[in-house]
Amino acid sequence: MAKARGIIKIRGTLGDLTFYKLKKDHIVKQKSGVSKKRIKLEAAFARTRENNQEFSSCAVSGRRLRTALGPLLFRAKDSRLTSRLLQTLCKIKALDQVSIRGKRTVAAGIAGVAGKMLLTGFDFNMDAPMGRILKVPYVLEEAEGRVVFADFIPSRHLSYPKAATHVSLQLAQLRLDFALGTHKLVLSPAQNLSIHQSMSTLEMTTVMPPNLTGETLFLLSLTFYQEVNGIHYSLKRGGATSLQILGVY
């Protein structure tokens with residue numbers, strides 16, 4: 001690898017040389033690597049083909065999960081969400097105990113307890129991880145589709161922005177078939193609370209239609225607002241909205 005010096009800065013490939021910009025420097029390097037045709041056809045690259053196929057399958061699973069969550073992800077995501085989620089799903093795929101190499105899937109890996117545990121606690125916005133913001137125990141009742149926060153005091157149990165006057169919490173239940181891509185998202189009514197309100201028990205419930213295939217994910221969404229003349233405005237900073245997977249069943 002070398003730095004290009006000169007008045008004319010080239011980007012792209014010229015013969016066996018590739019020109020590109022890395023930060024403030026213009027870099028030139030010689031083309032190298034194995035051709036796609038060799039990887040596709042030669043026996044020596046069988047493992048590479050298997051890894052590529054499984055990686056692509058994990059990427060599809062990640063896209064299906066992000067699509068299924070729809071509007072919940074509009075503001076509750078960071079710039080590295082896609083890559084972080086893909087990394088986690090690749091670990092779950094590796095837990096597939098029934099498929100041959102090259103055919104292992106997230107759907108098979110998450111069928112076991114270990115796979116479900118890997119996805120539990122996943123934060124979609126690392127600028128606002130739920131564990132850093134919410135400091136109160138909760139009980140997740142999977143069979144009832146309910147989460148309960150006992151003795152909840154927002155000003156004591158939340159790490160909130162200075163501008164925040166209110167907080168909104170909402171429980172989501174997602175049924176997602178990672179193999180087929182079918183999904184159903186059900187949201188509880190949002191609980192809108194003043195940051196300075198007194199202690200209360202907070203309960204949110206979702207009802208999922210029966211006879212749906214796939215895994216059940218429970219997620220908690222938390223958003224801070226500022227009240228101005230009776231109107232609640234969501235805060236725009238990246239740390240104002242959290243979304244975390246509470247459990248996978």
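The model is predicted, so local features need pLDDT of at least 70 and side-chain atom pairs count only at pLDDT 80 or more, while totals for chains, interfaces and linings use all residues. Residues are numbered from 1 along each chain as its sequence is written, and side-chain values use heavy atoms, with hydrogens and water left out.

Four aromatic pairs turn up in the structure; rings of Phe, Tyr and Trp (its six-membered ring) pair if their centres lie within 6.5 Å, with planes under 30 degrees apart counted as stacked, over 60 as edge-to-face and the rest as tilted. Phe 122 and Phe 124 have ring centres 5.1 Å apart and planes at 80°, so this pair is edge-to-face. Both Phe 122 and Phe 124 are buried (under 20% relative accessible area; exposed is over 50% and partly exposed in between, using a 1.4 Å probe and protein chains only).

Phe 218 and Tyr 249 also pair up edge-to-face, because their ring centres sit 6.0 Å apart with planes at 75°. This pair links distant parts of the chain, 31 residues apart: Phe 218 lies in strand S11 (residues 215-228) and Tyr 249 in the segment after strand S13 (241-248). Strands (E, at least two residues) and helices (H or I, at least four) are DSSP runs, numbered from the N terminus. Phe 218 is buried at 0% relative accessible area, whereas Tyr 249 is partly exposed at 37%. Elsewhere, Tyr 138, Phe 149 and Phe 152 form one aromatic cluster.

As for helix H3 (residues 81-93), its buried residues include Leu 81, Leu 85 and Ile 92.
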